[in-house]
Amino acid sequence: MRVSRQTPRVDLHLGPVTASRLACGRQQVKDFRDWQDGRPQTELNFKLYRQATDKLVGLSDATADFLEQHF
């Protein structure tokens, strides 16, 4: 018996809208590894570079604000 997926599968393709004012890539967040520090960079490090790629992630309000400052 096959069990249906618990969550729907969605394919989403995004492109750049604007250039970043500050670098916020893997190099900039790789040193943020203390999961208890509550910093937006640590959340980005975990969600974007430590978990599986090619997926949507839910960000905290603090991390969304942090990213808005970069664009």
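**Ground rules**

This is a predicted model, so local features need pLDDT of at least 70 and side-chain atom pairs count only at pLDDT 80 or more, while totals for chains, interfaces and linings use all residues. Residues are numbered from 1 along each chain as its sequence is written, and side-chain values use heavy atoms, with hydrogens and water left out.

**The whole chain**

What secondary structure does the protein chain have? The count comes to three helices and zero strands, and reading along the sequence gives the pattern α-α-α. Helices (H or I, at least four residues) and strands (E, at least two) are DSSP runs, numbered from the N terminus.

How confident is the predictor? That is what pLDDT tells you: it is the predictor's confidence in each residue, from 0 to 100. The mean pLDDT of the protein chain is 76, and 82% of its residues reach 70 or more. Among the elements of the chain, α3 has the highest mean pLDDT (86) and α1 the lowest (79).

Now for burial. Buried means under 20% relative accessible area, exposed means over 50%, and partly exposed is in between (1.4 Å probe, protein chains only). Of the 71 residues in the protein chain, buried ones make up 15%.

Contacts come next, where contact means heavy atoms within 4.5 Å. Take the contacts in the protein chain between residues at least 6 apart in sequence: 36% of them join residues at least 24 apart.

**Where α2 meets α3**

Two packed helices are described by the angle between their axes and the distance between the axes. Here, helix α2 (residues 40–50) and helix α3 (residues 61–68) have axes that come within 9 Å and cross at roughly 95 degrees. Those axes are lines fitted to C-alpha atoms, for helices over the stretch in contact, and angles run from 0 to 180 degrees between N-to-C directions. Angles under 35 degrees count as roughly parallel, over 145 as roughly antiparallel, 65 to 115 as roughly perpendicular and the rest as oblique. So α2 and α3 are roughly perpendicular to each other.

Which residues make the contact? From α2 come Pro-40, Gln-41, Glu-43 and Leu-44, and from α3 come Ala-62, Thr-63, Phe-66 and Leu-67. By class, that contact of α2 with α3 has five nonpolar, two polar and one charged residues. (Ala, Val, Leu, Ile, Met, Phe, Trp, Tyr, Cys and Pro count as nonpolar, Asp, Glu, Lys and Arg as charged, and the others, Gly among them, as polar.)

In α2, the buried residues are Pro-40, Gln-41, Thr-42, Glu-43, Leu-44 and Asn-45. What covers the buried residues of α2 includes α1 (26–29) as well as α3.

**Four residues to look up**

Gln-41 sits in helix α2 and is buried, with a relative accessible area of 16%. Leaving aside neighbours within four places in sequence, Gln-41 is in contact with Val-29, Phe-32 and Phe-66.

Val-29 belongs to helix α1, and with 3% relative accessibility it counts as buried. With the neighbours within four places in sequence set aside, Val-29 is in contact with Gln-41, Leu-44, Asn-45 and Tyr-49.

Ala-64 is in helix α3; at 30% relative accessibility, Ala-64 counts as partly exposed.

Is Ala-23 buried or exposed? Ala-23, in the segment before α1, is exposed, with a relative accessible area of 54%. Beyond its neighbours within four places in sequence, Ala-23 is in contact with Gln-28 and His-70.

| Pair | Apart in sequence | C-alpha to C-alpha |
|---|---|---|
| Ala-23 and His-70 | 47 residues | 7.8 Å |
| Val-29 and Glu-43 | 14 residues | 9.1 Å |
| Ala-64 and Pro-40 | 24 residues | 8.2 Å |

**An aromatic pair**

A search of the whole structure turns up one aromatic pair. Trp-35 and Phe-46 form it edge-to-face, 5.1 Å centre to centre, with 70 degrees between the planes. Rings of Phe, Tyr and Trp (its six-membered ring) pair if their centres lie within 6.5 Å; planes under 30 degrees apart count as stacked, over 60 as edge-to-face and the rest as tilted.

The pair links distant parts of the chain: Trp-35 is in the loop between α1 and α2, and Phe-46 is in helix α2, 11 residues apart. Trp-35, at 44% relative accessibility, counts as partly exposed, and Phe-46, at 33%, counts as partly exposed.
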